[in-house]
Every structure is written in structure tokens, then in C-alpha cells.
Amino acid sequence: MGKLRFLLALWLAKLSVPALKITRHNGTDFPGSLAVKLCPDFLRYVGKPGTIVTVTGTNGKTTTSNMIGDILESSGRRILSNRAGSNMLSGVATALLQHCDLLGRMKNCDAAVLEIDERSSPFIYRHLTPDLLVVTNLYRDSIKRNGHSAFIYDKIAQSLPAGTTLLLNGNDAISGLLGEGVNQRIFFSVDRTERSTDVCPNIACDITACPRCGHMLTFDYFHFHHIGAPRCPHCGFAMPESSFVARDVDFDAETFTLARKDGESLRLPFPTGDLFNVFNVTAAAAACLYLGVSGEDVTRAVSRLTAKTGRFEAAHAGDLDIVTMLSKNQNPISSSQSLAYLGHVAGPKDVVLLLTDSKDAVHGHEDISWLYDTDFDVLKDESVGKVFLGGTRCYDLALRLILAGVPEDKLRLYPDYGQLEKDLPGQLEGRGTTAIFFELYAMPIAQRLRQTLEAHFGNKKEEANA
Ligand SMILES: [Zn+2]
């Protein structure tokens, strides 16, 4: 009966795919959501490729899973992924069913690379056992969705299939504890860099007490937040040795050495956006090396990929450098790390913050506590000129910045994005850098602002030259 129900769900879900294409709704996860509605055990029956890699964690899971998919593909493997859809049960079901025949057998595919929402772990791993699960990190995230990093840790820990090998962050004493004594575990980490600090450089530090004995942890160094080299002087707790270690990070050349416990070292580039990306590239390269991709193939693929992350873009208009950078809403770690980039930009800069929920009217929330976990200190620097705050919650953000010590006369408040777009070119001098930080849903607004500035200052330059 179960199998028959599965087939019925599969056929109806498959029928919906061309229908969605005709109505231009392709790319959604409707087929998978229909399939699991009709057959809750759909993932149990649907065909799967020989290798399954899943990627989860608070930050970097999209970049890392896309990179793993691209490296595997460029090494000649045929892969499927859920990058076009969602990272929840329905998105995973959609990705798998589209590669199955009418009897639910997987066709022409060697590996699945699936990004998994942390909270969806229990629903997915019930019927799907990854060969490799990559956990990028665990931090505090949106309180409304994710509660606390320990809550998310439990969600993952309680649903881990014992047969899965874990690739874990050896600098993270939260996610790095997953699967201990149950799963086979390998670690990746990033060694001390020239930017490492002896004390936590951020407001948010999600683990300060030893997970074994509860005494205060000491850190040999911090990269950011609680990511570093934790050690307990009381019981001797330390993170296990890493098989893949990023060393000699060169921030100017944007390269680092990936040292392998078993194998030759690789010199790899990383995309602009700083240390976060060293972690993403290290995790992706380590996953692919573990899966048998050669060092040469990994190096070649990573070199080709680093340009196209989409989260960071730089453009020029006349004498103005325009930088746009994703900075996830409700996620103080993502926002702090994006803003930290400003500290490494030379010369005068103006800043546009489109951080508060641009869809507030649709799925609004009243929680602004994350703004107080985010590091805005970089905006106090003398090199920062005007700070434009866009969106209906700009008043909340303004108060936060004033309390952080950002001079009030630097702030320009624009609850209405249209007005900001109209006024912005006239408010800038057209020199130095204008950095636009945007939350996910504000991406179209950020792009419009960039185009407006390009048109305004680009044309101005041409007029001056004429
Ligand atoms: Zn201890």
C-alpha cells in the first residue's frame, strides 16, 4: 500500500512540473510539497543517487553547498541539487523526484548535494542517510525561527543517522561536538591568521563555558564570535585534530594554503568577503577531497568559482566605488561579518543599511533584539561619512546606532525606499566608497540603488570627460 501511495504521489507531482512551467511557476518546490502531502513517507521510497552529501549550519550553507556541487560537477560527476528550490523537506523531495523515472528509480545521476535547513533535519534524515553531512557552524540566529544555537544543536543531534560521516568545523565548540561517540567524524579548521585576536572581537559569543565540565573556556585565538581555538584549563577539553587546515591566509592576495593530513597541500583562492569565505572554501574543498576528487580538480574548480558568489559585488561609477553586500536580516553574525568588511576598506566611505525587514508589512516581526547582538562599531570610524538607514524600521536601527556611539548627525533616515533611491545620488559626493548592506528581501532595492548610482556618477564622469 505504501509503495502504491508513493507512486501515485510521484506521478501527480511529476505531472505538476510541466504545468508549473507553462504557468511560469517553475523553480518552486510545489511538486515536492504535493508529493509529501500525498505520501508523508515519500523520501523513504523515492530513488536516490549512490552518493548523498548534505550541508547544514547557521551561516555559509548555501555558498558551501553550491561550491561542493560545482566542484563535483566539474570533476565529471553528474549531480542533482536543491539550489533552485527550498532547503526544507519539500525542496529535497522536489530535487529528487525530478531525477526519477515513473517507477521512482534514480536516473543518470551520481551524487546529490543538498542544502538542509537545520530545523528540517528531523523530517529529512528520517528517510535519507547522507554519506557525508557538512556542518558549517552553529550560532545564534533569528530568535523567532531558531531560538538558540543549543536548540538547533539538539534538533540536528537527535536526528543524525549513525551511518553518516560528519565533516565538522574544528574551530566551533558548538557544532563540532555533533555525533561524538556515534558517527565517524572528520574536521576542517582555519589556523590563526594575522587578523586573529586574543579576546572575542564581537558582542555575540555563543559558548564561553566548557561543554564538558562547565568551567570557563580559554581561547588560544579567536577568528570571530566563538569561532577559534577553545581550550579548558580545568578538564583539558580541546577540539579534535583537523584533517583539513587552512593556513597562511593572505588577505591581500585572497589566497590560502589548505594543508591535508593525508595528502599534498593546495593553494586556493577565496572570494572577497573575508574570513567567512575561507571557511566556506575550506569546507567545500575538504568535502570534495574526502569524496575522492583530486587535488588538481579541486584547485581548478575553486579558482573558477570564486568570482561568482553574488553576495558581494563591486562596481565603479566615475570616481565612486560601489559595494553591495548581503547581510542577513535577524542574523547578527551574518550582519556583523558583512559590516566588518568596512574596516578593511581604505579611504572615505558612505554606508547604506537596508537591514530591517523590507517585507515587514507582509510577515513582520517586532523582535529587534538581534540589532543589539550586531557589531556596528565600525560605523563610528572617522572614515565613515553619512549612514543611510532604509526601511520602515529605520527608527529602531537609528536608536541602536546612536547607543553604539555613531554620531547622530551622520544618520539619514528613509522609511520609504523610493525616496531613498531618489535622494541618494544628490547626498553623495561621488568619491570613495559607497557600501550598501542589504537583507535578502531587499536585494532588488539594493540593485536599484546601485544602478541609480552607476547611472548618475558614471554619466557625470562622461560629461566631465566630454
Ligand atoms: Zn572543562
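Trainee: At what angle do helix α9 and helix α10 pack, and how far apart are their axes?

Mentor: Two packed helices are described by the angle between their axes and the distance between the axes. In this predicted model, local features need pLDDT of at least 70, side-chain atom pairs count only at pLDDT 80 or more, and totals for chains, interfaces and linings use all residues. Residues are numbered from 1 along each chain as its sequence is written. Helix α9 (residues 275-290) and helix α10 (residues 295-305) pack at about 145 degrees, with axes 10 Å apart. Axes are lines fitted to C-alpha atoms, for helices over the stretch in contact, and angles run from 0 to 180 degrees between N-to-C directions. Helices (H or I, at least four residues) and strands (E, at least two) are DSSP runs, numbered from the N terminus.

Trainee: Which residues make the contact?

Mentor: V281, A285, C288 and L289 of α9 meet G295, V298 and V302 of α10; contact requires C-beta atoms, placed from the backbone, within 7 Å.

Trainee: In what order do the six strands of the open sheet stand?

Mentor: The order is β12-β13-β17-β14-β15-β16, with mixed pairing; two strands pair if DSSP finds at least two bridges between them. β12 (312-317) and β16 are at the edges with a single partner strand each, so one side of each has no neighbour in the sheet.

Trainee: How many bridges join strand β14 to β15?

Mentor: Four bridges join β14 (residues 349-354) to β15 in parallel, and K349 stands opposite V384 in β15. Strand β15 (residues 384-390) also pairs with strand β16 (residues 411-414) in the parallel sense, over four bridges. There, V387 stands opposite L411.

Key:
Contact = placed C-beta atoms within 7 Å.
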